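User: I would like to go through a structure step by step. Please show it and then take my questions.

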Amino acid sequence: RAESHYQRALDYLQASRIDPAIAELRDAVRLQADMHMARELLANLYLRRGREAEAFMVLEAGIDASPEYLPFAKMYARTLVERGQLPAAKQVLESSLLYAGNDADYQALLAAVEQRRGEHAGAGSRYMRALELNKQQGAWWVGMGISLEALGRTAEAGQAYKAARVSPGLSAELVAYVEARLKRLDS
């Protein structure tokens, strides 16, 4: 039955009928608490509708029931970061950290939260872990450089910025930032 509610929700979404889709997704999740795709979609729709408290309840229930399913924690934390609620975002991410060892994106998200909180030693360690898993993320090299620079480790920061500079897909804005940091570190 949960699957049929989920399918009806998808049909409603196809027809741009959000409210009936939400109702169907609520039923699907109520009938089958571990239906992760339905829970994720429900939380997304609540957020799109500005129903933040309901989205957070759905995500919290998902994290409580399945802390190993990392998309719930990442979605919740990103939403909290967007709203400037960094302590809460860190707490959410730490709640599933036991399961996030090999998730580079998770490690980088937690690093970014710690960095914004001024916790550069922790952020540097997390960026290092993320980069061990995926060295091709230029933005993570930039984050590593920022934290190393904040810790006074300028030579290592310069190396991180140089790695960022040669990483594929770095935005023009980040390239300009990296060049400016490298120029400042060289002077």
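Analyst: A polar contact is a pair of N or O atoms within 3.5 Å; within protein, one must be able to donate a hydrogen and the other to accept it. The model shown is predicted.

User: With which side chain does the side chain of Glu24 make a polar contact?

Analyst: Glu24 is found in helix α2, residues 18-31. Leaving aside residues up to four places away in sequence, Glu24 touches Arg8, Ala9 and Tyr12, among others. The side-chain polar contact, at 2.6 Å, is with His5.

User: Is Glu24 buried or exposed?

Analyst: Buried means under 20% relative accessible area. Glu24 has a relative accessible area of 13%, so Glu24 is buried.

User: Is Ser16 buried or exposed?

Analyst: Ser16 lies in the loop between α1 (2-14) and α2. Its phi is near 60°, a positive value in a residue other than glycine. Exposed means over 50% relative accessible area. The value for Ser16 is 60%, so Ser16 is exposed.

User: Are α6 and α7 roughly parallel or roughly antiparallel to each other?

Analyst: The axes of α6 (residues 86-95) and α7 (residues 104-116) come within 10 Å and cross at roughly 150°. Angles over 145 degrees count as roughly antiparallel. Therefore α6 and α7 are roughly antiparallel.

User: How many charged residues does the contact of α6 with α7 have?

Analyst: α6 passes α7 in a left-handed crossing. Residues making the contact include Lys90 and Glu94 of α6 and Glu114 and Arg116 of α7. By class, the contact has 8 nonpolar residues and no polar ones, and the number of charged residues is 4.

Note on methods: Residues numbered from 1 in each chain as written. Predicted model: local features only at pLDDT ≥ 70, side-chain atom pairs only at ≥ 80, totals over all residues. Heavy atoms only, no water. Helix = DSSP H or I, 4+ residues; strand = E, 2+ residues; numbered from the N terminus. Buried < 20%, exposed > 50% of the residue type's maximum accessible area, 1.4 Å probe, protein only. Contact = heavy atoms within 4.5 Å. Axes fitted to C-alpha atoms, helices over the stretch in contact; angles between N-to-C directions. Parallel < 35°, antiparallel > 145°, perpendicular 65-115°, else oblique. Left-handed = near helix turned anticlockwise from the far one by under 90°. Nonpolar A, V, L, I, M, F, W, Y, C, P; charged D, E, K, R; others polar.
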